[in-house]
6 protein chains.
Amino acid sequence: MKRIITFGEIMMRLCPEGYLRFIQSNTWDVSYAGGEANVAASLAQFGMEAAFVSKVPSHEIGQCAVNELRRFGVDTSLVIRGGERLGIYYVEKGASQRASKVIYDRAYSAIALARPEEFNWKEIFSGASWFHFTGITPALSDNMAGASREAVKTAREMGIPVSCDLNFRKKLWSGEKAGKVMGEILPFVDICIANEEDAADVFGIRTEGSDIGKGELRREGYVSVARQICERFGCKKTAITLRGSISASDNNWSGMLYEKGEAFFAPNYLIRIVDRVGGGDSFAAGLIYSQLSLWDNQKSINFAVAASCLKHSIEHDFNLVSVAEAETLAAGNASGRVQR
Amino acid sequence: MKRIITFGEIMMRLCPEGYLRFIQSNTWDVSYAGGEANVAASLAQFGMEAAFVSKVPSHEIGQCAVNELRRFGVDTSLVIRGGERLGIYYVEKGASQRASKVIYDRAYSAIALARPEEFNWKEIFSGASWFHFTGITPALSDNMAGASREAVKTAREMGIPVSCDLNFRKKLWSGEKAGKVMGEILPFVDICIANEEDAADVFGIRTEGSDIGKGELRREGYVSVARQICERFGCKKTAITLRGSISASDNNWSGMLYEKGEAFFAPNYLIRIVDRVGGGDSFAAGLIYSQLSLWDNQKSINFAVAASCLKHSIEHDFNLVSVAEAETLAAGNASGRVQR
Amino acid sequence: MKRIITFGEIMMRLCPEGYLRFIQSNTWDVSYAGGEANVAASLAQFGMEAAFVSKVPSHEIGQCAVNELRRFGVDTSLVIRGGERLGIYYVEKGASQRASKVIYDRAYSAIALARPEEFNWKEIFSGASWFHFTGITPALSDNMAGASREAVKTAREMGIPVSCDLNFRKKLWSGEKAGKVMGEILPFVDICIANEEDAADVFGIRTEGSDIGKGELRREGYVSVARQICERFGCKKTAITLRGSISASDNNWSGMLYEKGEAFFAPNYLIRIVDRVGGGDSFAAGLIYSQLSLWDNQKSINFAVAASCLKHSIEHDFNLVSVAEAETLAAGNASGRVQR
Amino acid sequence: MKRIITFGEIMMRLCPEGYLRFIQSNTWDVSYAGGEANVAASLAQFGMEAAFVSKVPSHEIGQCAVNELRRFGVDTSLVIRGGERLGIYYVEKGASQRASKVIYDRAYSAIALARPEEFNWKEIFSGASWFHFTGITPALSDNMAGASREAVKTAREMGIPVSCDLNFRKKLWSGEKAGKVMGEILPFVDICIANEEDAADVFGIRTEGSDIGKGELRREGYVSVARQICERFGCKKTAITLRGSISASDNNWSGMLYEKGEAFFAPNYLIRIVDRVGGGDSFAAGLIYSQLSLWDNQKSINFAVAASCLKHSIEHDFNLVSVAEAETLAAGNASGRVQR
Amino acid sequence: MKRIITFGEIMMRLCPEGYLRFIQSNTWDVSYAGGEANVAASLAQFGMEAAFVSKVPSHEIGQCAVNELRRFGVDTSLVIRGGERLGIYYVEKGASQRASKVIYDRAYSAIALARPEEFNWKEIFSGASWFHFTGITPALSDNMAGASREAVKTAREMGIPVSCDLNFRKKLWSGEKAGKVMGEILPFVDICIANEEDAADVFGIRTEGSDIGKGELRREGYVSVARQICERFGCKKTAITLRGSISASDNNWSGMLYEKGEAFFAPNYLIRIVDRVGGGDSFAAGLIYSQLSLWDNQKSINFAVAASCLKHSIEHDFNLVSVAEAETLAAGNASGRVQR
Amino acid sequence: MKRIITFGEIMMRLCPEGYLRFIQSNTWDVSYAGGEANVAASLAQFGMEAAFVSKVPSHEIGQCAVNELRRFGVDTSLVIRGGERLGIYYVEKGASQRASKVIYDRAYSAIALARPEEFNWKEIFSGASWFHFTGITPALSDNMAGASREAVKTAREMGIPVSCDLNFRKKLWSGEKAGKVMGEILPFVDICIANEEDAADVFGIRTEGSDIGKGELRREGYVSVARQICERFGCKKTAITLRGSISASDNNWSGMLYEKGEAFFAPNYLIRIVDRVGGGDSFAAGLIYSQLSLWDNQKSINFAVAASCLKHSIEHDFNLVSVAEAETLAAGNASGRVQR
């Protein structure tokens, strides 16, 4: 069984019931999530050995986050205990023309205040086949930017492939600072994952076609972005998620994988959204699974998009689908007939 | 800050969980609502000083209604305490081809049995910039018809603009009686709000085009109705909400504002419905806000329709959206992308 | 009032809240259901005297099933008490591209282990106007296959019309065994109900057109299947439900009734699904009601399809709609406007 | 199986979750209850044929009340449909020193506005072995007072024993009026049930001992009250419930049955209260069951007190215990050990 | 109507359902609370004009706190908006031998990071009759210690009586620092409220008797503590709450009020606990109400203890009882009989 | 870290909300439990490495059981997947005089139908320091009786201490059969755990004193039972749990540990019960922890009784308390004061 290491923050996610707004809610639905934790959880459902590296407080609220990861099969033995607080984010589900809202209360979390030397990457990567993180981790603090840099360098030294989802969060840092930090990190990254905005916000790389055209023109724009990323930073592959937001209830969803001048597009899915938070992370997990399965690029992107399409029908951030379920959809069966 | 007075009944609204039918439900979701209370609550979210005039029992159930209004920022200092019961209405949410159902249990409520002299309109209107009520209030009882008449006359004397939503309820009175009473009230109303059926049911004024055509023809029909209302009663403007009910889950929604021979139509929105009760009231609130902001008619109707479009995505009757949210939608951003 | 007897298993149905997956759920929503119990419950809502024949344990869990039937007006005086367990099935609601899932835990139930001689069909059918069951009942055990055979023979002797929904469940028996047992039973059945797969799986009768074409061609295929069933087993009529599964959230739904060479198709409904389990049973109930009302075939199939269309908007298996509601939809009113 | 007829109002009971106060609650727990409906439901659990006579609106809310009765096995075929509203009462559960609160909203209910001639008592009592009602029914309206008088007279003519629980409600009528009306009814009552306050409030009959002493003195007071009732109205027996309210969480509970100069006291139970509403009704049901079982007075009062003791541990008004459970407690087993 | 100003932090309170432990919970029950907010809410239920001074973020989570205060009638016009986060605390309800647990996540809250000059005490106290705060406010930060000092000095200058509950929180500051800061503040405080531990932890003033004896000896110890506080700081009165913790489910509860050498003890209540958090604050509110009512010391302490006794039967921190309810208990009626 | 192996069944536990009876419940609270799974979960909270040996179906319902164990830190790598069903048991919480009820639906579960050879005990015990099971496991089936025999023999060969809780379940087997099977197993058991009834029901060994006396006499009875067990089967120690059931709400709870003629009694706790199912298992876990900590017998029994006392205040079967919490109570701190 392949062992994947992911590194980042896990937060408590608080969500009103159904479509209630924040100011209508008298209870929070509680789950635990974070970009890299989501990837680990999805990979665990795929039957992989996924270990999550982070730091959480030693009190019960920190334990809750660990327990949620354990429940879904993630190895939490690398999670450090200490610090004062677990980051929190509030999610208000949108519907129709009303957008979903996220309020973050993550400053001063245990992981943001952790010191780089608390993480012994040599030991952490022992036995690992893959390392994944997102641009959120270095954005948490200078300490975590340092830890991320050290992590990717150690991975490269140990010959462990690295994937990184740019995941730009403007509430955490400026595009300028992100560009500087991520620019030092990406040269150690094998597979870069981005969405339309990330590349522009962080590196000023733009999908020229997306504003001006449709169909082929637009597709060429994505390819151009991917090519620029690969060329500028020496990444082997770049994957781009393609979301067409019709409304908070309906989205188009697809993705592209680029390697050496060639671009592979997955079919598009029109999705009735149950919960779209974590969609990008489920794509990353699908892609990692594909890569570790040594599938070709077309099969890889098809699987990653199908897996993440299914995520949108699942509550909370973790993509709790099996390989078989994602493969069934990737094979074209989207009818949703009852399975008895 | 502008002060708006609304006058009417507030009821307890009881609703099964999710899409359960009345006869499946073992719990009621409780909220408090009523045409004019809804308008006050929406205006309070817009940052206005909205005061609600009504009468509720002095026991805890009456207090609950007051507390819900206070919670959402409505001034309840004008609510009289007394009487025996708070009116109730039951809402069963429809879906797909199954229509929503409303059962009223509002007879003998504190407000329906209140006496006109309990309301000192001179004092009530002190400092007010607007008065709003709907055709439901005079329909509650002859006493409340009298109170409504007195209210609009006093407002006219004090130079306070008045808006009235016809809101015909056939369970409360006959079209004939409604026509007679509302016919005496409308001459004191500056802005009349109606939907397609109201004008016909109450005054026998019909949207000729709506049965026979589409597009322009149909639009002309609405204009004709608005013109007839303005001319017959001397209202300055008439606004009409345009609902196209595809199913209990999907509606088209738009509106028109007519003034002096000119008609202004807002864009149409295709809505995935979360809860459509209170849609008309949120339109009225949007329109009042627009008028008090001295916006032109096109901007006014666009804002009112955008605000009320968003209402359909919100549980319960109160339209808990901000001016910024409605303006964003009115400006054309309906994509529902997550706001982080 | 017409008295209808239905015979089969009633199970506890356990369902996560909303769209949660099984592995996310910490509570089960509990209802009680089963093909023939569903038909009885629907007929009771139509105002018929519907009695359900089954066996449930004498402990409280068995009593819960009886109480749910009584609550919705089903006569439970023919339910035998005894045995050890009530069958269970778990339903996970799908959404968008994610299919719904059903896990059965029904083996060794009281009814599956009951002996044929526990049912005195002469007495059971006293005063009855109709008998209905599905292919699930004989599939439960050889004993229940025997009881089913005896039931239909007695009904035929007593001149009571019999309807049977093939309802093939591959988890309960093989197509081969189903074909053998049902082949002995169908000659005593007046109206056979099937969906596209049933006829093929049980009897090898195929809807040739369904794979190869659309529109008329496809419709001819259904007619051919119905004709083959009627001819092979001597059934008077055969009805077929037509489901077009776009996704777990959206389905097309229609049906056909065949008699003596003539086929009657109902209009198609595009449905936003709330809960589709029990859809076929609600169709059977609609058809039985139509037959007992002596309606012509076109009116019959229209009513049955409209009633079962509404079922898809209702939580749990029981189709809790009135005759008036189904007739309103059958008459073309599908707009879902609020009924006040 | 003995058939018991009870006659009165069934209301919707709305209750906050747990120990929340009315003004904290955003949902109501819904059940359906009423003095005589509670007695019918309890007797149905005892395996008796219990039929409830009342009138409820024909809309879904009325149907909900009927369905709850059917669910628990009460014969609802004698319930008339019509009128506008179902009475409502709100229950706030007290705890420790904080008392429980009940707010009634029952005026203008279907049964209160029903006409006496809607009830054909000859037919209603056909096949009946017992008739029970409480002082609440005649208190609802003059019409219902008339219907009650007619009912007891018809029962006497047909030789059907009658029990009546005085159940004085000062919100419904004055003690004076109650005394007058009940004074005309009691001569037709075989078994009168009262608590300490009722006899004093309605008839001015006082438990002299209860203020002035303890133990024997106090017991003699109760006996004196019972004797006075029997003598004044010619009742065969009088039963008195004895509640010692330590706090809203803890009560002492016992009862006495008096016949021909002899008084039989049941053991006292110290109760941790789950829900005490309906406690008196469960006592009445226990007593009726005892009488129909022809048990001696000591066994009767012991069973009635044990059954009603158990009621206090059960949510909602209906006493959902079996004869076996009440007998186990009456036999002295109060240890509450887990029954596996 | 008397106007009371309270000053402090309002936090989000998150609580598992029922008696679930933190690590079992998948939902949080949400309320909003804080020592001084609790006092304001209780005084508002008593019919006083209570205004709360604080700072909360301008996002929806901050708005939720404001809305909860408004719902229960607290004047929130003095609440400043800004800062990043609302403090949070988690409450796990204990039972029997298992203690309740509180985890704080309040660092870096808007109020803790506010600057003293944001509060214009002259304006804030305009029209006020009383000022109340607790030792928690100055413990939040040096800034808030400064603001508290300024507040009490301004109040003294303006002749507004000040009450302060010591409320020592060892997680916020050391006893030493608390002693220093509170030592500067108390000279401006008219009524000091403390419990057994506070006086010792903050000022080293001990209830000598509490370890060594019972009854009179122990009472003398409390009197000695109160006398020392009054003498050292010049407070007019000192009140002490007396909690006897039998278990997490059962507590004894009483209190003492000391003035000029005389001590007044309230009766003791044995309480079945529903929720004891906020008990001390409800005592403070009762005492303030008593003082503003100009009641004598015995009546004052009796009312304060009765009001706070009732708090223990109410969920969440706010003591939602009326003056009438507290007076009924203070008058000796603790039987908890149902109030119809 | 010490590794403990436990072996048995894990079931789904279904429970109505709060104190609702089975027949009132429309939702089940879901947890997963079983005598030996409970012990493993408790030991994991104590920080031990606890592994659970069992067999569950490979479908999602089986996975739910595994996930619940993982969530609370139990090693599930030894759980075999296969078979058809997960056993179920229903728990109805009693209160006051109403006893709790348990209904089992566990026949034909995956573990009951497993074959002994599926368990390779040599491998399972590799690295283990302790083996624990209860009399329920051999009672499940002859196969599991065989597996249990093999397990204890292998443990003895490998020098691993074995504890066994007699846990007689009369629904699973007769006392006679239990006596025979357990009589063959006990000689390989080091520590036998029993309650008052078990020893009598299984081996006919009686606590003579328990019926006839109190205090010392009664204690001597327990000692006599323990001595007989140790002597007859050669167990090193026997522990007995002592439950005094006052009512379903209040229990006395203590325990005794016997070794070589000496008996050690823990203090008694009077418990307000939240959930008493799993109480015995939490005692076993406490005892195993004590033994592995090499504590003396008095400290051992004190800890085991304190830990299991706390269990009664915790929902569900798993005893989610820490060593520190149990030690605090064992040290005499039972006041339940809030821990901030």
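## Copies related by rotation

Copies of a chain are superposed here by least squares on the C-alpha atoms of residues with pLDDT of at least 70 in both. The model is predicted. Of the residues of chain F, F:Trp28 comes closest to the rotation axis, with its C-alpha at 2.5 Å. The axis in question belongs to the superposition of chain F on chain C, which takes a turn of 180 degrees and a shift of 0.0 Å along the axis, and leaves an RMSD of 0.0 Å. The two copies are thus related as by a two-fold rotation axis.

## The contact of chains F and C

Chain F gives 21 residues to this contact, and chain C gives 21 residues. The same surface serves both copies, as 100% of the contact residues of chain F recur in chain C. On the side of chain F that touches chain C, the elements that give two or more residues are strand 3 (27–33), helix 2 (60–71) and strand 7 (101–105). Helix 2 of chain F supplies the largest share of that side, with 5 residues. By class, the side of chain F divides into 10 nonpolar, 6 polar and 5 charged residues.

Strand 3 (residues 27–33) of chain C and strand 3 of chain F run antiparallel and are joined by 3 bridges. In this pairing, C:Trp28 has F:Trp28 as its bridge partner. F:Trp28 is also the residue of chain F that comes closest to the rotation axis.

## The contact of chains A and B

Here 21 residues of chain A are in contact with 19 residues of chain B. The side of chain A that touches chain B has 7 nonpolar, 9 polar and 5 charged residues.

An open sheet of 8 strands has the order 8(B)-7(B)-2(B)-3(B)-3(D)-2(D)-6(D)-7(D), and its pairing is mixed. At the edges are strand 8 (101–105) of chain B and strand 7 (101–105) of chain D, each of which pairs on one side only. Neighbouring strands of the sheet are turned by 30 degrees against each other on average, direction ignored.

Within chain D, strand 2 (residues 11–15) and strand 6 (residues 88–92) run parallel, joined by 3 bridges. D:Arg13 stands opposite D:Tyr89, a residue of strand 6 of chain D.

## Helices 5 and 6 of chain F

Two packed helices are described by the angle between their axes and the distance between the axes. In chain F, helix 5 (residues 142–158) packs against helix 6 (residues 175–185) at an angle of about 20 degrees, and the axes are 9 Å apart. Angles under 35 degrees count as roughly parallel, and helix 5 of chain F and helix 6 of chain F are therefore roughly parallel to each other. Their crossing is right-handed.

Helix 5 of chain F makes the contact through F:Ala145, F:Ser148, F:Arg149 and F:Val152, while helix 6 of chain F uses F:Val181, F:Glu184 and F:Ile185. The residues of this contact of helix 5 with helix 6 of chain F divide into 4 nonpolar, 1 polar and 2 charged.

Technical notes. Residues are numbered from 1 along each chain as its sequence is written. Chains are lettered from A and ligands numbered from 1 in the order in which they are written. This is a predicted model: local features need pLDDT of at least 70, side-chain atom pairs count only at pLDDT 80 or more; totals for chains, interfaces and linings use all residues. Axes are lines fitted to C-alpha atoms, for helices over the stretch in contact, and angles run from 0 to 180 degrees between N-to-C directions. Helices (H or I, at least four residues) and strands (E, at least two) are DSSP runs, numbered from the N terminus. Angles under 35 degrees count as roughly parallel, over 145 as roughly antiparallel, 65 to 115 as roughly perpendicular and the rest as oblique. A crossing is left-handed if the near helix is turned anticlockwise from the far one by less than a right angle, and right-handed if clockwise. Two residues are in contact if their C-beta atoms, placed from the backbone, lie within 7 Å. Ala, Val, Leu, Ile, Met, Phe, Trp, Tyr, Cys and Pro count as nonpolar, Asp, Glu, Lys and Arg as charged, and the others, Gly among them, as polar. Two strands pair if DSSP finds at least two bridges between them.
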